[in-house]
Amino acid sequence: MPAIKYKVTLSEDEIQHLERLIRNGKSASRSHTRARILLKAAAGFQDQAIIEALDVSPSMVYKTRQRCVEEGPEAALKDRPRPGKAPKLTEKQAAHLIAVACSDAPSGHDHWTLRLLASKVVELSYSESCSYETIRQLLKKHPKTLAEAGMVYSRGEF
């Protein structure tokens with residue numbers, strides 16, 4: 001058997017925290033799997049035994065061990081941030097825009113359109129530019145809020 005490059009050692013408190021995390025069932029599935037990997041690794045299981053027991057990839061076991069040793073068990077449980085552009089709107093700005101979408105339409109219009117909301121983002125100085133597609137994606141993430149306000153999304157209009 002090959003030697004394990006990253007040997008996981010956990011304190012009693014860390015073990016209890018990981019067991020509690022698994023028992024609660026309130027966190028993401030990936031976090032549960034990583035917690036199980038860490039507990040088995042700390043118990044002295046070889047990578048192949050962990051892979052077979054949890055039905056995970058070798059790279060997941062290796063990376064979880066590595067992050068635990070280098071950054072600690074909490075860092076090993078979470079995903080790293082994904083690359084890509086930062087969102088145009090903050091959560092607070094998005095909430096305000098949803099409130100605007102739920103309000104009465106501007107004069108001369110029957111209802112809010114995606115293009116009107118995109119221009120409102122620029123008017124409120126939330127961003128220098130905003131496409132209607134950005135607004136569509138934002139509103140698609142909050143259908144319950146819109147439904148409670150009695151709004152139905154249909155072909156780019158409300």
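These numbered points comment on a predicted model of a protein chain.

1. Starting with the overall fold, the secondary structure of the chain comes to nine helices and zero strands, and reading along the sequence gives the pattern α-α-α-α-α-α-α-α-α. The radius of gyration is 23 Å, well over the 15 Å that the globule rule gives for 158 residues, so the chain is more spread out than a compact globule. Along the principal axes, the C-alpha atoms fill a box of roughly 75 × 30 × 25 Å.

2. Turning to burial and surface, 33% of the 158 residues count as buried, while the chain exposes about 10,700 Å², of which carbon and sulfur atoms supply 51%. Among contacts between residues at least 6 apart in sequence, 50% join residues at least 24 apart.

3. A search of the whole structure for aromatic pairs finds one. It consists of Y6 and Y62, whose ring centres are 5.6 Å apart and whose planes stand at 75 degrees, so the pair is edge-to-face. This pair links distant parts of the chain, since Y6 belongs to the segment before α1 (12-24) and Y62 to helix α4 (residues 58-71), 56 residues apart.

4. The two partners of that pair deserve a separate look at their accessibility. Y6 is buried, with a relative accessible area of 13%, whereas Y62, at 34% relative accessibility, counts as partly exposed.

5. The charged end of K40 sits over the ring of F45, 4.8 Å from its centre, and the charged end of R115 sits over the ring of Y132, 4.2 Å from its centre.

Conventions: Residues are numbered from 1 along each chain as its sequence is written. This is a predicted model: local features need pLDDT of at least 70, side-chain atom pairs count only at pLDDT 80 or more; totals for chains, interfaces and linings use all residues. Side-chain values use heavy atoms; hydrogens and water are left out. Rings of Phe, Tyr and Trp (its six-membered ring) pair if their centres lie within 6.5 Å; planes under 30 degrees apart count as stacked, over 60 as edge-to-face and the rest as tilted. Helices (H or I, at least four residues) and strands (E, at least two) are DSSP runs, numbered from the N terminus. Buried means under 20% relative accessible area, exposed over 50%, partly exposed in between (1.4 Å probe, protein chains only). A charge sits over a ring if NZ of Lys or CZ of Arg is within 6 Å of the ring centre and within 35 degrees of the ring normal. The radius of gyration is taken over C-alpha atoms; the globule rule is 2.2 Å times the number of residues to the power 0.38. Contact means heavy atoms within 4.5 Å. Accessible areas come from the Shrake-Rupley method with a 1.4 Å probe; for residues, only the protein chains shown count as cover.
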